[in-house]
Amino acid sequence: MRDIVAFSGSAHPDLAREICAQLKVELSPVRVQRFANDCLEVQLQANCRERDVFLIQPLVKPVQEHLVELLLMLDAARGASAARITVVMPHYAYARSDKKDTPRISIGGRLVADLMVAAGAHRVLAMTLHSPQVHGFFSIPVDHLHALRELAGHFRQYDLSNTTVVSPDLGNAKEAAHFARLLDVKVAAGAKQRFADDDVRISSIIGDVTDRDIIVLDDEIAKGSTVIELLARLRELGARSIRVACTHGLFAQGALSRIGDQPDVLEIVCTNTVPIPDEERTPKLKVLSIAPALAEAMRRIHDGESVSALFDAP
């Protein structure tokens, strides 16, 4: 069987090292240099010929820099005669650009998917895409994981007898319902309207939240505007306690502090799909590792086993 060769871009090397430790394979080195004209050059410093190559790179800030770096890594692996190239993308930032909701705008989620295929990707391993249709933007196989089991394992340490999982909007309600089934609790959802990137209104919450322990579940938290607005509605309706959970903790522009400073928020839980600097972390933050799940999916891809079977076991 072909050997696994894993490389990491500069976006999240700590996660890549953790994944390789789980797989018991060495993380191969990559040299990235910048020329005087500001162009990047990438060299994969391990043999790729007829190997099963995995390129680990979430699209995180600076997104454009890390995207071009990933495209150059793909081109380098293809030029080095890799047998198969899999992009391991724990966070796909352009997934939020998934529809034409105003005239003459680009659909970045589809365009970037096309760029990865053109650069040489044979398949993609992703974690919690922003919306289901993003999967269909790719013309190559996509293994789409979620972190609900990791999050559920964390929350099972608490008394959940009076708990409701709340989705901030109806778009995430299906994931929230799945999460609620894993915890055997009730589910509710907010009726949200977005007027601008940081202007969000939640007019009502559909479901029982009065005098209940709340777990707010979202796929990602960026500026935190939606969560802050949802917290205000939950207070008005008399929620008893609130915990906030997401897969991708982007926490841009001080969002982590703004949410953590809310006195009724007991805990903020996310995964390590994106790096969170130590200086930005607060005592209320708990970061769960998705490295074991990604490593197991990579092993199954390499061995030709079912990846969807990862979700079948309790």
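Visitor: At roughly what angle do the axes of helix α2 and helix α3 cross?

Guide: Keep in mind that this is a predicted model. To read a helix pair, look at the angle and then at the distance between the axes. Here α2 (residues 63-79) and α3 (residues 108-119) cross at roughly 25°, and their axes come within 8 Å. Angles under 35 degrees count as roughly parallel, so α2 is roughly parallel to α3.

Visitor: Which residues of α2 and α3 meet?

Guide: From α2 come Leu 67, Leu 70, Leu 71, Leu 74, Asp 75 and Arg 78, and they meet Val 112, Leu 115, Met 116, Ala 118 and Ala 119 of α3. Sort the residues of that contact by kind and you get 9 nonpolar, no polar and 2 charged.

Visitor: Now for another pair. How are α1 and α8 packed?

Guide: Helix α1 (residues 13-23) packs on helix α8 (residues 291-303) at about 55°, with the axes 8 Å apart. The two are therefore oblique to each other. Handedness is one more thing to read: α1 passes α8 in a right-handed crossing. Among the residues making the contact are Leu 15 and Ile 19 of α1, plus Leu 294 and Met 298 of α8. By kind, the contact has 8 nonpolar, 1 polar and 2 charged residues.

Visitor: What span should α8 have, and which of its residues are buried?

Guide: For the span, count residues. At 1.5 Å a residue, the 13 residues of α8 should span 18 Å, and the end C-alpha atoms are 18 Å apart, so the two agree. Buried residues in α8 include Ala 291, Leu 294, Met 298 and His 302.

Definitions and conventions. Residues numbered from 1 in each chain as written. Predicted model: local features only at pLDDT ≥ 70, side-chain atom pairs only at ≥ 80, totals over all residues. Heavy atoms only, no water. Axes fitted to C-alpha atoms, helices over the stretch in contact; angles between N-to-C directions. Helix = DSSP H or I, 4+ residues; strand = E, 2+ residues; numbered from the N terminus. Parallel < 35°, antiparallel > 145°, perpendicular 65-115°, else oblique. Left-handed = near helix turned anticlockwise from the far one by under 90°. Contact = heavy atoms within 4.5 Å. Nonpolar A, V, L, I, M, F, W, Y, C, P; charged D, E, K, R; others polar. Expected span 1.5 Å × (residues − 1). Buried < 20%, exposed > 50% of the residue type's maximum accessible area, 1.4 Å probe, protein only.
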